[in-house]
Amino acid sequence: MTTSEVAQGFTSADAQADRWVDPELVSLARRAAAEGTVLLTNNGVLPLAPGEGVAVLGRVQIDWFAVGYGSGGDVNPPYTTTLLDSLTAAGVAVDTELAATYRSWCADQPSPNAEWGQWPRHYEEMPLDDEAITAAAQRARTAVVVIGRAAGEDRENVLEPGSYLLTEDERSLLARAAAAFKHTVVVIDSGNVMDLSWAEEMGIDALLLAWPGGMEGARAVADVLTGAVEPGGRLPDTIAYRYEDYPSSAFFGGKEHNTYTEDVFVGYRAFETFTPERVQFPFGHGLGYTTFALAATAPERDGDTVRLRVSATNTGRRPGSTVVQVYAAPATRAVLGVPARQLVAFARTGQVVPGDSEELDLSFPVERLTSFDDSGATGHAHAWVLEAGEHALHVGLNVREATRVGAVSVVDTEVIEQLEEALAPDPAHPFERWSVSYAPDGAARRTIEPVPVRTTDLRERILARLPEPITAAPAVGSSLKDVAAGTISLDAFIASLTPEDLAELAYGDVTMNSPLGVPGNAGAFGGVRARLRARGIPAVTTTDGPSGIRVSAFASLLPCGTALASTWDPALIERMEALHAQEMLRKGSDVLLAPGMNIHRDPLCGRNFEYYSEDPLLTGACAAAYVRGIQSAGVSACPKHFVANNQETNRWVNDSRVSARALREIYLRAFRMVVVEAAPRTLMTSYNKVNGVWSYHNYDLVTTILRGEWGYEGLVITDWWVQHAADPSFAALSDSAYRLRAQADVLMPGAESWEHQKREDGHDQTILTALDPADLSGEHLTLGELQRSARNVLRLVLSSPAMERLEAQIALHLS
């Protein structure tokens, strides 16, 4: 038994035997996986007719992709499910002869394993000759062909067969099945959008997109195929006919930098404005097993709110649910180039029986009709402006089918929020961006304009806002437990800590799988040294997410982020994550490094499966629900990666060059929603640079915007390991001193580089080297800055279940 297992109160044998999962969590995970499954096409073949013979083809029916790879997917689940077993258990008349052939072949050809970042994107198909397919078609009228794809951390998907494109074997299998069987259903089990243009060429009867749904995912797909559950998913991304049609395709994958030339025209914002004909399946699309008709009231502005109600009537023959979506068009007198459609509200109905209706309140804040002016074109630079004119609203079941229901009239342009210049691109790297001009008949023409670059003096901004050192009398000899008990103030406790203690709080425990936490943890912070634990500061355990708790013990494997976004059901996400939080308590996790909420800028990004959507409103709503659910049990969520981490290629060194407007409207917007609506206790910066500055050294990102404009009071941690860098504004600061000035509080897991993974290696000494308490000029790191970050750390510690484990950690006598 290890010391960390003693601290957690269980042995390795106990952990491995703990396969129990809360049945309610299992039920909600299965529901979420089904509700996130998107039926793209269906000519009436689904749901499968009871008792009708079905032949299941494709090895992924057995080697099911339950999740993607890497830190967001490598959970040790108590079990997984396969589609073949799930269909059989559901009573489907599966062709047993073909099923036996697949079972035997897959047993002899186990799915390959690989090292980190080298995982298989697909599995080779079982050879199946024409005679076998013809014989199966004589025994069964319907074929269900299963195609699988996986993606993962540290690597993109690629424009090659077996990744974004079909392999020749897959194409042959699909074509022969479509020719031989009366009906052909295709199930896509994929964490990323892939090419689906072949579905029209081959005359597929039904196409079902099943994002990896975790341990219950295959059962959920069987529920959908049989009609036990309706396919509830609506697309969180646009699916185009060709990869080259995506707005980011020409500006993605750079090894040193990416220029976000498409600007705010991400996903459907670009397609609906410039190239609607290139869309195979529009944003928000998804079919159910019934139909709905919508009737909306005329929108009315009521101060800061736009009032809108919609009635959804089930016009079909089965009970069902749908998602009602509201999109805004540009103001008729808009000066800024605004996309033709932008999502401003949505709601999912409950189960509605045929002939009945449900009334939905789709009111929304008027700020969702605003644009960010980073150039001063409206006369209000660096402000969120509500432009003059008629803001038409469109209501529908997807972006393409939404129809006008009225408009919000704005007489004169209004400034909704005046801000200051922040995060503008580096003048040393100017670039151009897309914009749009509209003809009188509404026709859009894509235009190009220069991106406004930075003009502020960051050094002067920082010096004007340096924090004062704590003035409270030091509570010498006190414990953090005294703060928890309310007998002393947190400031008095911090004032009693030495600079060395304060510096230690700015680092994690150096190694992943810290002995201070549950086995398999991602790292620990807080009381990482014995002298800190002697002062009542416990070590706080972090674990990877978001599809489960990545520890050595068994833990639930839940639907991936894209599957959850496809539910368009924040209430369901919040309920599921509240139960997930209870599992965190049982497994010894204090902070779940989730949700992942970077924007799906490009369909090839390797970690898209962890993230939610190409749309920031949908992303923010899902992520806020996730955070509220997790934090309902007293543990902490940690949204990531802040910000513009939209590719895996060279993610540690890549520079995301993006306009202040696109940052505000697309890439920062969801994070702002999470901060304002869910108050996460922790937040993780990204690896990449943002306009030339590493995110964890980026003062305007972490302090000016996150903490200043948004009022964030939580803890900011880095992603695991960072890059060496000197502060260009202050010669005495580099590395972690530079980081603390930006107010990225803790370096995780605690060492500067991946090579240092032993606790005895320690960490760099740049904080203490740069600290000069007597120098109040700001040329050196100040005591006030060090105390400020310590306060952020200790507030998190005080709210953490780790406080209850302190005595066990002290008893370990770990240094």
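Predicted model: local features only at pLDDT ≥ 70, side-chain atom pairs only at ≥ 80, totals over all residues.
Visitor: In the open sheet of 4 strands, which strands stand at the edges?
Guide: The pairing in this sheet is antiparallel, and the strand order is β15-β14-β20-β21. A strand with a single partner has one side left without a neighbour in the sheet, so the edge strands are β15 (342–348) and β21 (403–410).

Visitor: By how many degrees are neighbouring strands of this sheet turned against each other on average?
Guide: The angle is taken with direction ignored. On that basis, the average for neighbouring strands of the sheet is 20 degrees.

Visitor: What is the bridge partner of Val326 in β15?
Guide: Strand β14 covers residues 323–328 and pairs with β15 in the antiparallel sense over 6 bridges. In β15, the residue bridged to Val326 is Ala345.

Visitor: How many residues apart are Glu97 and Arg139?
Guide: Their side chains meet in a salt bridge, at 3.4 Å from N to O. Glu97 lies in helix α5 (residues 96–108) and Arg139 in helix α6 (residues 130–139), so the pair links distant parts of the chain.

Visitor: In the salt bridge of Glu201 and Arg171, is Glu201 buried or exposed?
Guide: The two side chains meet at 3.6 Å, N to O. Arg171 is partly exposed, with a relative accessible area of 28%. For Glu201 the relative accessible area is 58%, and exposed means over 50%. Glu201 is therefore exposed.

Visitor: What is the relative accessible area of Asp302?
Guide: Asp302 and Arg307 meet through their side chains in a salt bridge of 3.4 Å, N to O. Arg307 is partly exposed, at 40%. Asp302 is also partly exposed, and its relative accessible area is 43%.

Visitor: Which residues do salt bridges with shared partners join into one network?
Guide: The count of salt bridges comes to 52. Those that share partners join Glu153, Asp154, Arg607, Glu610, Glu648 and Arg651.

Key: Residues numbered from 1 in each chain as written. Heavy atoms only, no water. Pairing = 2+ DSSP bridges. Helix = DSSP H or I, 4+ residues; strand = E, 2+ residues; numbered from the N terminus. Axes fitted to C-alpha atoms, helices over the stretch in contact; angles between N-to-C directions. Salt bridge = Lys/Arg side-chain N within 4 Å of Asp/Glu carboxyl O. Buried < 20%, exposed > 50% of the residue type's maximum accessible area, 1.4 Å probe, protein only.
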